[in-house]
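Please look at the sequence and the structure on the screen, and then I will take you through them piece by piece.

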Amino acid sequence: MTAPVSFRNVTKRFDGSKSGQVLAVDDVNLEVAAGDVIGVVGYSGAGKSTLVRLINALELPTSGHVVVDGDDLTIMNERQLRELRSNIGMVFQQFNLMTSRTVAGNVGYPLKVAGWSRADRNKRVAELLEFVGIADKARQFPSQLSGGQKQRVGIARALATSPKILLADEATSALDPETTGDVLALLKKINTELGTTIVVITHEMDVVRSICNTVGVMSGGKLLESGSVYEVFSNPRSSETKRFIETTLKDKPSPETLARLRHSHPGRIVSVGIREGTGSRTTLSDTLRRFDVHSTMIYGGISEIQQKPFRSLTYELSGNERDVEALVIALRSVTDLQDWGSSGE
Ligand SMILES: Nc1ncnc2c1ncn2[C@@H]1O[C@H](COP(=O)(O)OP(=O)(O)OP(=O)(O)O)[C@@H](O)[C@H]1O
């Protein structure tokens, strides 16, 4: 099956006025599979928006190829690009609604542009508003709606022409946590019920954890790593990815918790990661048993990622210093280990 989106050695440079050239996207290779919900994460300025704007040809690459649904958009003419854009939905952080039009008018607008008859438009708009849960708001104006309702209008508008790909640029960043959860659930419903491939740009790992199956981490225009959410979360390669993951998993002790634990646990403190399918849970207990070291579990977090268990357990290891060191080395070879040292160090 053709990948909905494929980036091949894509680079995008901008001519900044003062700072010279900006390398917003730097030699990115990425495949988005059909039915994926991919999260593109990174700090401000990492190049996320530019990467996503390359998908619907709002930006064109300086070099490399962006292939959407099998078609290389770097060789398309303007008419083909317009058609491509109409087949890709986009949702924005600030909703981008037309204030002078009603909810129904906003949602029906892309259909009007596409030449749909009034009767067909009305039918489709009613269907869309029902789907996103605001059927009763059709005649209201955006100013009469809450943020979450406005975003539902934005989503309904983006879905109007039944796009195969939906791009969501920080779609929940302007919403409170509860509304964020509702809008994320709606995006997930779009993915599962309509089969839409969704590209989510976010700086929040919680968003990735709750709705994405794959993730790409960007920094300085580069794609640092990408893969299934479980793989990247349980085996992050870059320190930047690790920092992002720590913001959502909270399964390792925070510096404050660690300081508190040290009061009652003077021994060497280590956290070990346990992943599904690696057999490391048995390996862990076997390894702990092989050494003449007393181990006490003092902190543990069980998280679930993509319905699979992922956990990090924190132990105090006490005994002869050399034995403890040998155990730490053995543990490091079979698990993802973080060594917090002992209070004496
Ligand atoms: N049209 C433009 N002209 C010049 N520079 C640009 C343009 N668009 C983006 N940039 C620059 O490219 C880099 C990447 O920007 P981009 O908006 O893609 O990052 P981002 O990760 O989406 O950040 P944010 O989360 O703040 O939106 C930044 O240095 C930005 O200033």
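Predicted model: local features only at pLDDT ≥ 70, side-chain atom pairs only at ≥ 80, totals over all residues.

Let me begin with one leucine: L261 touches P253, I269, I298 and Y299, leaving aside residues up to four places away in sequence, where touching, or being in contact, is decided by C-beta atoms, placed from the backbone, that lie within 7 Å. L261 sits in helix α10, which covers residues 255–264, and helices here are DSSP runs of H or I with at least four residues, while strands are runs of E with at least two, both numbered from the N terminus.

Is L261 buried, exposed or partly exposed? L261 counts as partly exposed because it has 17 C-beta neighbours inside 10 Å. The rule is that a residue is buried if 20 or more other C-beta atoms, placed from the backbone, lie within 10 Å of its own, exposed if 12 or fewer do, and partly exposed in between.

Residues are numbered from 1 along each chain as its sequence is written.

The pLDDT is the predictor's confidence in each residue, from 0 to 100, and for the protein its mean is 91, with 97% of the residues reaching 70 or more.

Now to the overall picture. The protein has 12 helices and 14 strands, and its C-alpha trace spans about 80 × 45 × 45 Å along its principal axes. Of its 345 residues, 38% count as buried. If we take contacts between residues at least 6 apart in sequence, 68% of them join residues at least 24 apart.

The domain assignment gives domain 1 (5–246) and domain 2 (250–342), and such bounds come from an automatic or database domain assignment. The centres of the two domains, taken over C-alpha atoms, are separated by 39 Å. Their contact takes 7 residues from domain 1 and 7 residues from domain 2. On the side of domain 1 that touches domain 2, the largest share, 4 residues, comes from helix α8 (residues 229–234).

Let us turn to helix α9, residues 239–249, where T241, F244, I245 and L249 are buried. Why do these residues lie on the same side of α9? They cover an arc of only 125° around the axis, and this puts them on the same side, the arc being that of the directions from the helix axis to the C-beta atoms. As background, an α-helix has 3.6 residues a turn, so residues three or four places apart point the same way. On the other side of α9, S239 and T247 are exposed. The helix is followed by K250, whose phi is positive, near 45°.

Two further residues belong in the discussion of positive phi. A57, which is not a glycine, has a phi near 60°, and A57 is found in the loop between α1 and β4 (63–68). A57 is buried, with 20 other C-beta atoms within 10 Å. D69, likewise not a glycine, has a positive phi of about 55° and is found in the loop between β4 and β5 (71–72). D69 counts as partly exposed, with 17 C-beta neighbours inside 10 Å.

Finally, the ligand. Which residues are the closest to the ligand? They are F14, A24, S44, S49 and T50, and 13 residues surround the ligand in total, a residue being included if its C-beta atom, placed from the backbone, lies within 6 Å. At least two residues of this shell come from each of β1 (5–16), β2 (20–32) and α1 (48–55), and α1 supplies the largest share, 3 residues.

Note on methods. Contact = placed C-beta atoms within 7 Å.
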